[in-house]
Amino acid sequence: MTCLCLSCRQADGRKVLRSSIREFLCSEAMFHLGIPTTRAGTCVTSDSEVVRDIFYDGNPKKERCTVVLRIAPTFIRFGSFEIFKPPDEYTGRKGPSVNRNDIRIQMLDYVIGTFYPEIQEAHADNSIQRNATFFKEITKRTARLVAEWQCVGFCHGVLNTDNMSIVGLTIDYGPFGFMDRYDPEHICNGSDNTGRYAYNKQPEICKWNLGKLAEALVPELPLEISELILEEEYDAEFEKHYLQKMRKKLGLIQLELEEDSKLVSELLETMHLTGGDFTNIFYLLSSFSVDTDPSRLEDFLEKLMSQCASVEELRVAFKPQMDPSSECEGFHRAVHDRQPAIDHQTKNHIDFYIWKQTRFCMLNFRVRLHKEVENISDVDAWNTERVKVMNSNNPKYILRNYIAQNAIEAAENGDFSEVRNVLKLLENPFQETEDCTEIEEETTSTAAACAQATRSRLPYCSKPPLWASELCVT
């Protein structure tokens, strides 16, 4: 294992407490979710301080210095091979080790021989074939990794080539975030003004990064070979793994039907339109019954609607610049443009809209589940297995931003017990826990608009409070 002590982007070797806690907690959370990742060994802080401008807005403050010890088989990245890049025809920029093909060959031999020994052994006499097989493997690993991110609502935040692991791990936890309300265009990085690394762009940008790796491997791997591999393998592997994972999240364990992709899309679209909480709605689906009893359906819909956005959340979520051709544009524009006082009639209309959309989606889901049991003799045994699979693929606990923020604020005041509580919970993300520790919601500078409100205590598994939407990570 290779260990790396993480420093900061100012190159003074000093990282601060808030970002260190976030990295420590999230890398461990990802590991226990079963997603390939670097690990966190230790997190050590001191009384030394550095000055940091958190939001790059000209308001720096002193923060405590901290070091995270990260553990991984290797910290070589796609970008490691770009130090050999020739001068760019437009900018003139070049890699610091341009023309040192000998070093690139040595590094490529090391990567394949050390971390892909089966490929080295199978193609020891043909370097081009060896390199092509290696590129095919890292392409497929990367596609599967991104599919895993998408299925838990994880957004990396800065997916440049230097943040892509050469062995297919999640690496470099900077301005990451798990989605709360489902939004395909969610941007977790407050400094990503163009949405380059938005949630729905992650598969695309990772494929682009693989293309840059392919360019950096020339001439050891001719571009016409690597580009063909990328086009043939990446999208197919991503779609395959994503749909397999989504079937497990939905409990579709008996059949694999072409219509399943449409079912997933319809569910996500319903979450988007109703402002549904991504994690909690998937978690609730395991209690959905195939039974056609109308009263049971209505009881379940009530639970689902409790995880959809409130009127206030919808007003924040849907801005007036939506596509005018959208079928629901008028509804969302009306929600957003309402005055602060929402009248009873309007609220009832919104609640009915959310109920109607959710009910339609669940009826389609029930039709699909009925197809699962058409040829099943023991429906109870099938349902037991279905729930088991769903509960091992839909986490109850994730590292939501507001949970991390509360842990950080406590630690900055010298109390690390909240960090330990959150870490303990994240080590068992799929399991029910009797001690669903409650978090005291305290007023923070990032939620000044809510400063007058008295915040209630929320369990870790709760849909986040309204003030959480104002947290900004850069």
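Me: What span does helix α2 reach from its first C-alpha to its last, and what span is expected?
Reply: In this predicted model, α2 covers residues 101-115 and reaches 21 Å from its first C-alpha to its last. That is close to the 21 Å expected for its 15 residues at 1.5 Å a residue.

Me: Which residues of α2 are buried, and where do they lie around the axis?
Reply: An α-helix has 3.6 residues a turn, so residues three or four places apart point the same way. In α2, the buried residues are Arg-104, Met-107, Leu-108, Val-111, Ile-112 and Phe-115. They lie on the same side of α2 because they cover an arc of only 125° around the axis.

Me: What covers the buried residues of α2?
Reply: The cover includes α3 (117-122), α4 and α5 (202-216).

Me: Thr-139 lies in helix α4. Is Thr-139 buried or exposed?
Reply: Thr-139, within α4 (residues 127-152), is buried, with a relative accessible area of 0%. Leaving aside neighbours within four places in sequence, Thr-139 is in contact with Leu-210, Leu-230, Glu-233 and Tyr-234. The C-alpha atoms of Thr-139 and Tyr-234 are separated by 6.0 Å, although these residues are 95 residues apart along the chain.

Me: Which residues of α15 are buried, and which are exposed on the other side?
Reply: In α15 (residues 417-426), Glu-418, Val-419, Val-422, Leu-423, Leu-425 and Leu-426 are buried. They cover an arc of only 165° around the axis, which puts them on the same side of α15. Arg-420 and Lys-424 are exposed on the other side of α15.

Definitions and conventions: Residues numbered from 1 in each chain as written. Predicted model: local features only at pLDDT ≥ 70, side-chain atom pairs only at ≥ 80, totals over all residues. Heavy atoms only, no water. Buried < 20%, exposed > 50% of the residue type's maximum accessible area, 1.4 Å probe, protein only. Helix = DSSP H or I, 4+ residues; strand = E, 2+ residues; numbered from the N terminus. Arc of directions from axis to C-beta. Contact = heavy atoms within 4.5 Å. Expected span 1.5 Å × (residues − 1).
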